[in-house]
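Work through these two exercises with the structure open. Try each task before you read its solution.

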Amino acid sequence: MSIHIKICGFTTEDGLKAAIDCGVDSVGFVLDPSPRQLGLDAAIALASHVPDHIKTVAVCGRPDLKQIQTIWDRMRPDWIQLMSDSLPDSSYGIPILPAFEDGPDLVERVMAYVDQSGMVEPLVVADGPRPGSGIVADWNRVGGIQNSTRLMLAGGLNPENVGEAILRLRPWAVDVSSGVESSPGIKSPEKIRAFVESVRVAERQLENE
């Protein structure tokens with residue numbers, strides 16, 4: 001079983017290079033207010049260092065349709081990640097990655113999206129209750145959407161807990177930001193390597209079951 005690894009919130013070339021060298025599958029650039037926020041020009045410049053085999057993600061929070069179109073026209077990321085309560089009625093062919101904040105009604109909100117999308121197992125991000133804060137999502141609750149989606153698990157993951165999360169939920173992908181930082185917005189190459197290795201160890205455990 002191969003787990004897609006996404007790391008978000010890059011602000012420096014050094015952090016980005018460390019992630020690329022470790023073999024991550026996608027990298028995210030935050031355009032929303034955050035300690036990791038980049039302007040669109042800076043995000044485009046940093047994304048230019050990403051090789052073609054790694055996906056790029058513009059993490060945007062709650063932009064309006066005009067902002068989404070501008071990001072798409074200028075940056076052409078593989079996905080534009082939006083909070084689920086701000087999804088446009090139509091994406092006009094733009095690849096959208098919906099992110100759902102954890103909460104008591106998480107399963108109901110995700111299932112409503114699954115029904116509305118008409119897709120079989122659509123890709124969704126299940127995040128913590130305060131995205132970007134490092135607070136862990138309720139894994140028991142997230143388990144309620146595991147079989148209906150391609151699950152990208154986010155929210156408080158780090159090198160110490162990601163293996164347990166994978167073994168419990170068997171997500172399609174894991175998504176980390178603050179859990180591999182030395183300070184807000186500054187990625188730690190050592191923590192990135194440790195995170196990726198923890199994912200690989202969990203993969204091997206699943207393969208041996």
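**Exercise 1.** Which residues in α4 are buried?

*Solution.* The model is predicted: local features need pLDDT of at least 70, side-chain atom pairs count only at pLDDT 80 or more, and totals for chains, interfaces and linings use all residues. Residues are numbered from 1 along each chain as its sequence is written, and side-chain values use heavy atoms, without hydrogens and water.

Step 1. Pick out the buried residues (under 20% relative accessible area, 1.4 Å probe, protein chains only). In α4 they are Leu 106, Val 110, Tyr 113 and Val 114.

Step 2. Find the cover. The buried residues of α4 are covered by elements including β5 (96-100), β6 (123-126) and α5 (139-142).

Step 3. Look past the helix. Gly 118 follows α4, and its phi is positive, near 75°.

**Exercise 2.** Describe how α1 and α7 pack.

*Solution.* Step 1. Take the angle and distance. Helix α1 (residues 13-22) and helix α7 (residues 189-207) pack at about 25°, with axes 9 Å apart.

Step 1. Classify the angle. α1 is therefore roughly parallel to α7 (angles under 35 degrees count as such).

Step 2. List the contacts (heavy atoms within 4.5 Å). Gly 15, Ala 18, Ala 19 and Cys 22 of α1 meet Pro 189, Ile 192, Arg 193 and Val 196 of α7.

Note on methods: Buried means under 20% relative accessible area, exposed over 50%, partly exposed in between (1.4 Å probe, protein chains only). Helices (H or I, at least four residues) and strands (E, at least two) are DSSP runs, numbered from the N terminus. Axes are lines fitted to C-alpha atoms, for helices over the stretch in contact, and angles run from 0 to 180 degrees between N-to-C directions. Angles under 35 degrees count as roughly parallel, over 145 as roughly antiparallel, 65 to 115 as roughly perpendicular and the rest as oblique.
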